[in-house]
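User: I have a structure open and would like to go through it with you. Can we start with the charged side chains?

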Amino acid sequence: MIKELRNQIREIDEKLLALLAERQTLAKQVGEIKFSQGLPIKDYSFEKNVLENTRRKAKELGLYEEMAE
């Protein structure tokens, strides 16, 4: 039973890492497009909005808000 649960946790961890890698790739593409168009790379208001939404969603799911960041 414990071994099965640990295997499920490991599988979820692998999926999370794959999703994070995909997110990083997309964010890099956004940065490249911004750079090519002469736009500022950092958009602090957008980043703030993303963090606020992430923290809110984490709280709704019963997760530590800091973990979601």
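User: Which side chain does Arg-10 meet in a salt bridge?

Analyst: This is a predicted model, so everything here is computed from predicted positions. In it, the side chain of Arg-10 meets that of Glu-14 in a salt bridge, with 3.1 Å from N to O.

User: Where do those two sit along the helix, and how many residues apart are they?

Analyst: Both are in helix α1, four residues apart, so about one helical turn separates Arg-10 from Glu-14.

User: How many salt bridges does the count come to?

Analyst: Eight.

User: OK, what about Glu-65? Which side chain does it meet in a salt bridge?

Analyst: The side chain of Glu-65 meets that of Arg-55, at 3.3 Å from N to O. This pair links distant parts of the chain, since Glu-65 belongs to helix α3 and Arg-55 to helix α2, ten residues apart.

User: And how accessible are those two? Start with Glu-65.

Analyst: Glu-65 has a relative accessible area of 22%, which makes it partly exposed. Arg-55 is partly exposed too, with 24% relative accessibility.

User: What is the distance between the closest N and O atoms of Arg-55 and Glu-69?

Analyst: Those atoms are 2.3 Å apart, in a salt bridge between Arg-55 and Glu-69. Again the pair links distant parts of the chain: Arg-55 is in helix α2, while Glu-69 lies in the segment after α3, 14 residues apart.

User: Why does Glu-69 count as exposed?

Analyst: Because its relative accessible area is 52%, and exposed means over 50%.

User: Changing topic: what is the volume of the largest pocket?

Analyst: About 910 Å³.

User: What lines the largest pocket, and which residues lie nearest its centre?

Analyst: The lining has 24 residues, and those nearest the centre are Arg-23, Ala-27, Val-50, Thr-54 and Glu-69. The elements that each give two or more residues to this lining are α1, α2 and α3.

User: Which helix gives the most to the lining?

Analyst: α1 gives the most, with nine residues.

User: How do the lining residues divide into nonpolar, polar and charged?

Analyst: The lining of the largest pocket has 15 nonpolar residues, two polar ones and seven charged ones.

User: Now the surface. Which residues form the nonpolar patch there?

Analyst: The patch is formed by Leu-61, Leu-63, Tyr-64 and Met-67, and together they have about 490 Å² of accessible area.

User: Where is Leu-63 placed?

Analyst: Leu-63 is in the loop between α2, residues 44-60, and α3, residues 65-68. With a relative accessible area of 42%, Leu-63 is partly exposed.

User: Last one, Lys-59. Which helix is it in?

Analyst: Lys-59 is in helix α2. Its relative accessible area is 59%, so Lys-59 is exposed.

User: How far apart are Lys-59 and Phe-35 in space?

Analyst: They are 34 Å apart, C-alpha to C-alpha, and 24 residues apart in sequence.

How values were computed:
Residues are numbered from 1 along each chain as its sequence is written. This is a predicted model: local features need pLDDT of at least 70, side-chain atom pairs count only at pLDDT 80 or more; totals for chains, interfaces and linings use all residues. Side-chain values use heavy atoms; hydrogens and water are left out. Patches are made of residues with over 30% relative accessible area and no salt bridge: like charges are joined within 9 Å, nonpolar side chains (Val, Leu, Ile, Met, Phe, Trp, Tyr) within 5 Å. Accessible areas come from the Shrake-Rupley method with a 1.4 Å probe; for residues, only the protein chains shown count as cover. A salt bridge is a side-chain nitrogen of Lys or Arg within 4 Å of a carboxyl oxygen of Asp or Glu. Buried means under 20% relative accessible area, exposed over 50%, partly exposed in between (1.4 Å probe, protein chains only). On a 1 Å grid over the protein atoms alone, a cavity is a set of points where a 1.4 Å probe fits but cannot get out, and a pocket is an open set with protein on both sides within 12 Å along at least five of seven lines; lining residues have an atom within 4 Å of a point. Grid points are joined across faces, edges and corners, and a volume is the space filled by probe spheres set on the points. Ala, Val, Leu, Ile, Met, Phe, Trp, Tyr, Cys and Pro count as nonpolar, Asp, Glu, Lys and Arg as charged, and the others, Gly among them, as polar.
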